[in-house]
Amino acid sequence: TIGDFVQTYSSIQHKHSYGAIVTCFFLDTATNIYEYLLVIRHLLSSSSSSNDEEEGGLWINVGPLQWHRNAKITLSGDELKMLIQ
């Protein structure tokens, strides 16, 4: 279901577990895009550092922004880029 990504990957055992994440036709499925972005940031680790507490990594997203009808916020591509940076 829509909430499984947040529930599954927000746990401490997944913190900084991935050097890269690729999402395809995924972001616009979020009811709350802020939750998705926080979880993705939580998952990414810095590949250039041995410090487990440092955030970083690479995120590649492919697909349109045709927000789910239950989305609480519908951002444009530019608004989403500003939020991510």
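1. Accessible areas here come from the Shrake-Rupley method with a 1.4 Å probe, and for residues only the protein chains shown count as cover. On that basis the chain exposes about 5700 Å², with 51% of this belonging to carbon and sulfur atoms.

2. A word on the source: this is a predicted model, where local features need pLDDT of at least 70, side-chain atom pairs count only at pLDDT 80 or more, and totals for chains, interfaces and linings use all residues. Residues are numbered from 1 along each chain as its sequence is written, and side-chain values use heavy atoms, with hydrogens and water left out.

3. The layout reads α-β-α-β-α along the sequence, giving 3 helices and 2 strands (DSSP runs numbered from the N terminus: helices are H or I, at least four residues; strands are E, at least two). Take contacts (heavy atoms within 4.5 Å) between residues at least 6 apart in sequence: 70% of them join residues at least 24 apart.

4. Of the 85 residues, 31% count as buried (under 20% relative accessible area; exposed is over 50%, partly exposed in between, with a 1.4 Å probe and protein chains only). The largest nonpolar core has 18 residues, and Phe5, Leu27, Ile33, Tyr36, Ile40 and Trp59 have the most contacts inside it. Helix α2 (33-43) and helix α1 (4-9) each supply at least two core residues, with α2 giving the most, at 6. A core here means buried Ala, Val, Leu, Ile, Met, Phe, Trp, Tyr and Cys residues joined through side-chain atoms within 4.5 Å.

5. Now the rings. Those of Phe, Tyr and Trp (its six-membered ring) pair if their centres lie within 6.5 Å; planes under 30 degrees apart are stacked, over 60 edge-to-face, the rest tilted. Phe5 and Tyr9 make a tilted one, because their planes sit at 40°, with centres 5.6 Å apart. Both lie in helix α1, 4 residues apart, about one turn of the helix. Phe5 is buried at 17% relative accessible area, whereas Tyr9 is partly exposed at 29%.

6. Which kind of pair do Phe5 and Tyr36 form? Edge-to-face, because the planes are at 65°; the centres are 5.2 Å apart. Phe5 is in α1 and Tyr36 in α2, so this pair ties together parts 31 residues apart in sequence. Tyr36 is buried, at 4% relative accessible area. Ring pairs link Phe5, Tyr9, Phe26 and Tyr36 into a cluster.
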